[in-house]
Every structure is written in C-alpha cells, then in structure tokens.
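Trainee: Could we go through this one together? I'd like to start with helix packing and then turn to pockets.

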Amino acid sequence: MSVVADSPAGAAGSTDMVSVRAVHKVFGHGHDAVHVLKGVDLDVARGEVTVILGPSGSGKSTLLRCINELEEITGGSVVVGGDLMGYRKDAKGTLHRLHPKVVARQRSRIGMVFQRFHLFPHMTALENIMEAPVQVRGLSKKAAKQRALELIERVGLTDRMDHYPAQLSGGQQQRVAIARALAMDPELMLFDEPTSALDPELVGEVLSVMQDLAKSGMTMIVVTHEIGFAREVADHVVFMDDGVIVESGPPSAVLDNPQEQRTRDFLAHVL
Amino acid sequence: MSDVTAQTHASASGKDPVPNRIQARPVPRPGRIVAAVIVLVLAAMAANALITNDAFRWDVVWLYLRDIVVIRGVMWTLILTFGSMVVAIVLAVTLAVMRRSDNPVMRWVSWAYIWFFRGTPIYTQLIFWGLLSVLYPRLSLGIPFGPEFFSFRTDDVFTAFWLALIGLALNEAAYLAEIVRAGLTSVDPGQTEAAKALGMKDGKIMRRVVLPQAMRVIVPPTGNETISMLKTTSLVVALPFTYELMYATSAIGNRNFLPVPLLVIAALWYLLITSILMVGQHYLEQYYGRGFGTTTRRRGRGKGPAGGKQAAIAAAGTVNVDITKEVTP
C-alpha cells in the first residue's frame, strides 16, 4: 500500500477532485432550524477513496448530498473538478445562483449510489443503465446499449439485464444502481450507505464491485459502517460527529490509533 | 400465478400430500338465506312495479329506443364525453405539473384555476359559455391594449358544439388536476432524487420517471371521472347544445306528450354505455393494479414479470397507492 499523505490544505488545489470549504447546512428556519453541518472542510484528491464514518445523525449523508447539490449548502463552498458547485462568482466576488440546467450538468459528472437503490421500477436493469446516457447525453440508443452491456457485465449481472428491479435481490439492485451511475462516466462517485439496506449475505457482492471500482482509479467518497471496507480500500478515513469532522487521516491512523475520544467511543461500538 | 395453479392441479391428480386433511362442517349462516329471500322479494316487487305500470309505456320505449334521433343523441353524447375528457386530461397534467412548479406564478395560476372551476357549478359555467357571443360578439387577435391583427364574429368560430366541449373540458380539468397531483405525490421522492443525481432535468424527470409511475394512481379515478362525464354531458342543454342524448329524448317526449317512456330510453342508454365503460375500467384497473404488493419472480422465462412495466412498478412499491387521495366531485 502506498503511503498516502494527508492532502495538504490549500496547496495544489488543482489536484483535488473535491474541495469542501467551511460548509454549513441548516435545514428549516427560525425555531425549527436544524444545524446539521457546522463548518466542514474536506479534500479528496483525484483517484483517492475517502470513507466517511460516524454515528447516525452526524451529518455524513448530508455532506454527501451537499457535494452533488441534492441539498443547497447554507454557507461555505463546494468545488468539484475545479467547478464551484451551484454558483458562479463574478469579478467582484458576488455569487450568482446557477440555472437548474447548469446545475443538472454539474451533477451529471458526479455519480451517486443511494442506500435504497432508487432504481426506476418501470425499466429493466439494462434500461435503467441506458436512461441517463440517452436522455441527458443524447447518446443514440444503440451506443447507450453497447455501453450498458459492458457495464452490466462489469457488475456481473449480464444474465439479469432484462429483469425489472423488483425481480432482483437487494445486492443485485445495488450493483445495477452502481452501473447506472457509471454509465454517465462520472469523475467522482458518491456512495450513501450503499450496503445498509442489504441482507448481510448480500453485502459482499456490492463491496467487491466497489473495491474493483476503487482499483480502477475512480475517485470515491463512501459513507458506510463497513469498517473492514474502510480499512482495506480507503486511502483516507474521515470521522464525523455532530456536524463536524472530528478526525481524519489514513485508515491505519484513524481506525487503529484514534486520537479523539469520540472516535474511540464510536469504533468501540461498531467493531 | 400460473405456476401456483399448475402445482395445485398436479397435487390434485396425484395422492393428497396432506394425509390428515380437515373435513369440517362450515359455520351455519342462516342470515344469508334470509337476506337472499328478502332481496329476491324486493327485486320481484320492483320488477312488477315497473312492468305492470302502464305509465311507463314499454311499447313506446321499444319503438323509440333505436330511433335515429336517439342514436344520433348517443353519438353526440359519446363524442362530447371522450372529446372533453381528452382535452381535460392534457390540461389536467399541465395544471398538476404547474402546481408543483418552483415558479410561484405557475403555482398560483394553477391554484386559482382549480379554485374557480371547482368552485362554480358546471351548469352556470355552461350558461356563460353559451352567452359568450352575447357578451363578446366579436373576438380579435392582437397586441393586448394595442392594435388588432384580425377579428371574427364569435358565433362563426365558437359553435355550440365547441363551446360545449370546451366548457365540459375546462371544468373537468380542475378535478382531474387534483387526481393527477395525488398521483404525482404518490411517487417515492427517491425516484426524483435518483434521476436528479444522474443529471436529468425537471421536464425529463417528470416525463420519464414520475408520470409513468403515477399512472397507477391516476388511471382508476380517471375512469370514474369518465363515467361521471358521460352523464354530465346532459347539462350542455344550458348552452344550449341540443343534439345529445338527454335533450334529444326529452324533445321527443315533449312532442308526443309521452315524457316518461323517453326518460326511460335515456336512462337505458346511459346505463348501457356506463356498463361498457365499467368493463373497460375493470380491465384498466386490473392492468394498472396487477401484482400489487407481490413480487412475481419468473426466472425461467427471462423477460419481465407477468404484468410488464406496471406490475414492475407495483412490485417495487415506489408508488404509495392510497385511495383516500382519490378526488371525486
């Protein structure tokens, strides 16, 4: 395993795939306001796998959703692949909200895999994978099908390509969902607890697809409770609690020699 | 499903796999027999009251049932029903989408439309459509408050038929819009999120992802609305449009001083068409409701579940089918 240094903050921002700066997220207004993210900084270098750990309600899923604009951030900035997400900064430094079309284009470069798969139930596995390339990229059906066949083979479901999601097991659905996200040739893949909704015996097949993806050099941010996956695949482990990053570093440091009490408590709980 | 029946047949032909099958007497239900007798007697009384009463003039009913004017009335009624429903459905989807729009102007316009057309009686609306040419004898196209490009006599363009069709459609759209909205709301928000995450734009998400799944909820009450519309067409006499079934029959009745048998004719025709529509609705509901709550796995056959796309949506459970969301006038 190569030594992965902590990404130097500020230095060589261009090598960073993702750069999250002082991000705050508040849901609701006034008395009902919930402050979920309280100033989060995160850098993910190109080709790097970052695993975010933390108790439920710590804001890790929200952070993920803020990175691809499914949630609008309340403060701070998110830069993905050199592009400021959701806004344009003019010469005077004033922020302008981007048109939804432009935001959609920004999102199309980021793949996302959900806890509950969210496959389109009225489309077969293959049609699910073809949908975005045809509808968003304007790819011909033939070309999209060609690519979809490659991807479904990559996740090992060629014999299930004409099945509807309801006819697939959870693990198979999640593998189709991964293939669907990959069909857009994303520069970055976000995984939001991809194995949490699966029966224990189905977790392995999904993790192995993710592991292969990591080996192929994909930049990935993974929210998970699978400590084993984090130890084996992650270049970088981030521990979050109560809307802030408590501790981060290579897995050997964070998982085996945690410095913070909160991290130790959490790891004692899940291990 | 077919696999299950096949298995049952197989076991029936061979030895009984349950050696100690229970052979018990059913619970006695004397109430059922009593109820059946009461219902039979009441039905016989009703039939007797209808047949033996000469005021119904069944000979006249039979004579005029297939009268050319009556048949023409049936045709016009059907044209109005289906014509206005088609226009109403297109408008309703537009209104429902506007209602969910990010644009407050769109939301407000949709809300106001539904408020107005649901809030005033259809009969009144139709009278006003009939008065259109009185209120506005000439209509023109041009720049608002500016010059006109051309103008025409209202009567020349908006005949009673078109006004009837438009009047019915505009009113119906308000009700259907709420049905469509209920359908759109019933689709799992995760579906929209997944589509967004793939970079799909709102319009595409609606057309490709949300609407196809909302159909499960939208179609059954829309069948209901169609049956309701069939009889609502009788109100276009308010315009007046006088060719449809109800007016055609009552006109004959008034001319012959035999209103009752002609009313019976109208009722019989409405019943017949409704029955046909109900058969259609039954099959539509079966199609859209098939496989609900069950995951049909037919691995051996390869292609899709028994019900195709709709069964797949049903089995996935991404649509929350809640009959309390049905909107009926």
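Trainee: At what angle do the axes of helix H5 and helix H6 of chain A cross?

Mentor: Bearing in mind that this is a predicted model, the axes of H5 (residues 170-182) and H6 (residues 200-215) of chain A cross at roughly 20° and come within 8 Å. The two helices, H5(A) and H6(A), are therefore roughly parallel to each other, and their crossing is right-handed.

Trainee: Which residues make the contact?

Mentor: On the H5(A) side they include A:Gly170, A:Gly171, A:Arg175, A:Ile178 and A:Leu182, while H6(A) contributes, among them, A:Leu202, A:Val206, A:Val209 and A:Leu213. By class, the residues of this contact between H5(A) and H6(A) comprise seven nonpolar, four polar and two charged.

Trainee: Switching to chain B, how far apart are the axes of H4(B) and H11(B)?

Mentor: Those axes lie 11 Å apart, and H4(B) and H11(B) pack at an angle of about 145°, with a crossing that is right-handed. Residues of H4(B) including B:Phe82, B:Met85 and B:Ile89 meet residues of H11(B) including B:Leu211, B:Met229 and B:Leu230, and the contact has 10 nonpolar, five polar and one charged residues.

Trainee: OK, pockets now: how much space lies in the largest pocket, and what lines it?

Mentor: The largest pocket holds about 990 Å³ of space, and its lining has 34 residues, with B:Asp102, B:Thr192, B:Lys196, B:Asp202 and B:Ile205 nearest the centre. Elements giving two or more residues to that lining are H2 (100-107) of chain A and, from chain B, H4 (68-99), H9 (160-185), H10 (189-197) and H11 (202-232).

Trainee: And how do the lining residues divide by class?

Mentor: The lining of the largest pocket divides into 15 nonpolar, six polar and 13 charged residues.

Conventions: Residues are numbered from 1 along each chain as its sequence is written. Chains are lettered from A and ligands numbered from 1 in the order in which they are written. This is a predicted model: local features need pLDDT of at least 70, side-chain atom pairs count only at pLDDT 80 or more; totals for chains, interfaces and linings use all residues. Side-chain values use heavy atoms; hydrogens and water are left out. Axes are lines fitted to C-alpha atoms, for helices over the stretch in contact, and angles run from 0 to 180 degrees between N-to-C directions. Helices (H or I, at least four residues) and strands (E, at least two) are DSSP runs, numbered from the N terminus. Angles under 35 degrees count as roughly parallel, over 145 as roughly antiparallel, 65 to 115 as roughly perpendicular and the rest as oblique. A crossing is left-handed if the near helix is turned anticlockwise from the far one by less than a right angle, and right-handed if clockwise. Contact means heavy atoms within 4.5 Å. Ala, Val, Leu, Ile, Met, Phe, Trp, Tyr, Cys and Pro count as nonpolar, Asp, Glu, Lys and Arg as charged, and the others, Gly among them, as polar. On a 1 Å grid over the protein atoms alone, a cavity is a set of points where a 1.4 Å probe fits but cannot get out, and a pocket is an open set with protein on both sides within 12 Å along at least five of seven lines; lining residues have an atom within 4 Å of a point. Grid points are joined across faces, edges and corners, and a volume is the space filled by probe spheres set on the points.
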